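Hi everyone, thanks for making time for this one. Let me put the model up on the screen, and then we can walk through it together.

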Amino acid sequence: MKKLVIIALALVSLNAFAQRKEHNKMDRENRSELRKDMTPSDIADLKSKQLTLKLDLTDAQQKDVHQLIFDEATTRQSLRKANKSADSEKRAKPSKEDIVKMQNERLDAQIEMKRKMKKILTEEQYAKFEKMKPKKHKKRRKHNINN
């Protein structure tokens with residue numbers, strides 16, 4: 001009888017964990033769908049407000065950060081539209097040179113963003129800003145290991 005109860009509890013708990021993972025996957029899909037509909041202005045507003053709360057930005061800093069994020073979001077949106085139109089034409093798989101070129105462009109944009117943020121923020125704020133970034137990547141790695 002004990003064994004039967006233990007087996008039943010194990011099955012119920014495994015089922016609960018399986019449903020929880022499925023629920024997280026649905027949330028991620030819904031969030032990405034919502035992000036696709038957001039305008040660059042919306043994205044810049046949200047991100048700049050989040051940074052203002054976390055880094056205690058002044059009004060001038062908040063405006064500069066908002067403009068920086070807005071510019072980045074507009075370039076991303078234009079790239080997304082270009083890729084979408086290319087997808088509709090059933091583009092070929094990119095060559096190694098194209099992949100390297102795209103990665104270099106992405107990294108150059110990240111470096112430029114980092115330099116601009118360093119100019120806008122104070123040293124303490126920039127240190128906090130740098131500490132915020134790795135946490136995201138650690139969560140992603142941890143999440144990818146669990147899947």
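Let me start with a question: is R76 buried, partly exposed or exposed? R76 turns out to be partly exposed, with a relative accessible area of 43%. For the wording, buried means under 20% relative accessible area, exposed means over 50%, and partly exposed is in between, using a 1.4 Å probe and protein chains only.

Before going on, some housekeeping. This is a predicted model, so local features need pLDDT of at least 70 and side-chain atom pairs count only at pLDDT 80 or more, while totals for chains, interfaces and linings use all residues. Residues are numbered from 1 along each chain as its sequence is written, and side-chain values use heavy atoms, with hydrogens and water left out.

Now the overall picture. The protein has 5 helices and 0 strands, so from the N terminus on you read α-α-α-α-α; here helices are DSSP runs of H or I with at least four residues, strands are runs of E with at least two, and numbering starts at the N terminus. Of the 147 residues in the protein, buried ones make up 14%. The protein exposes about 12800 Å², and carbon and sulfur atoms supply 57% of that; these accessible areas come from the Shrake-Rupley method with a 1.4 Å probe, and for residues only the protein chains shown count as cover. As for contacts, meaning heavy atoms within 4.5 Å, take those between residues at least 6 apart in sequence: 63% of them join residues at least 24 apart.

Back to R76 and its partner. The structure holds 2 salt bridges, where a salt bridge is a side-chain nitrogen of Lys or Arg within 4 Å of a carboxyl oxygen of Asp or Glu. In one of them, R76 pairs with E72, and the closest N and O atoms are 3.3 Å apart. Both residues sit in helix α3, and because they are 4 residues apart, about one helical turn separates them. E72 is partly exposed too, at 24% relative accessibility.

Which side chain meets K114 in a salt bridge? That is E130, at 3.5 Å from N to O. This pair links distant parts of the chain, with K114 in helix α4 (residues 96-120) and E130 in helix α5, 16 residues apart. K114 counts as partly exposed at 39% relative accessibility, and E130 is partly exposed with a relative accessible area of 25%.

A search of the whole structure finds 1 aromatic pair. Y126 and F129 form it, in a tilted arrangement, 6.2 Å centre to centre with 35° between the planes. The rule is that rings of Phe, Tyr and Trp (its six-membered ring) pair if their centres lie within 6.5 Å; planes under 30 degrees apart are stacked, over 60 edge-to-face, and the rest tilted. These two are 3 residues apart in helix α5 (residues 123-146), so they are separated by about one helical turn. Y126 is buried at 13% relative accessible area, and F129 is buried at 7%.

T52 lies in helix α2 (residues 40-55) and is buried, with a relative accessible area of 17%. Its side chain reaches the backbone oxygen of S48 at 2.7 Å. Leaving out residues up to four places away in sequence, T52 touches L57 and Q62.

Then have a look at D56, which has a positive phi of about 55° although it is not a glycine. D56 lies in the loop between α2 and α3 (59-88), and it counts as exposed at 58% relative accessibility.

D56 also turns up in the contacts of Q61: leaving aside neighbours within four places in sequence, Q61 is in contact with D56, I120, L121, T122 and Q125. Q61 lies in helix α3 and counts as buried at 9% relative accessibility.

Last stop, the surface at the other end of the numbering. M1, L4, V5 and L9 form a nonpolar patch with about 490 Å² of accessible area together. Patches are made of residues with over 30% relative accessible area and no salt bridge, joining like charges within 9 Å and nonpolar side chains (Val, Leu, Ile, Met, Phe, Trp, Tyr) within 5 Å. V5 has its place in helix α1 (residues 2-37) and counts as partly exposed, at 44% relative accessibility.

How values were computed: A polar contact is a pair of N or O atoms within 3.5 Å; within protein, one must be able to donate a hydrogen and the other to accept it, and residues adjacent in sequence count only if both atoms are side-chain atoms.
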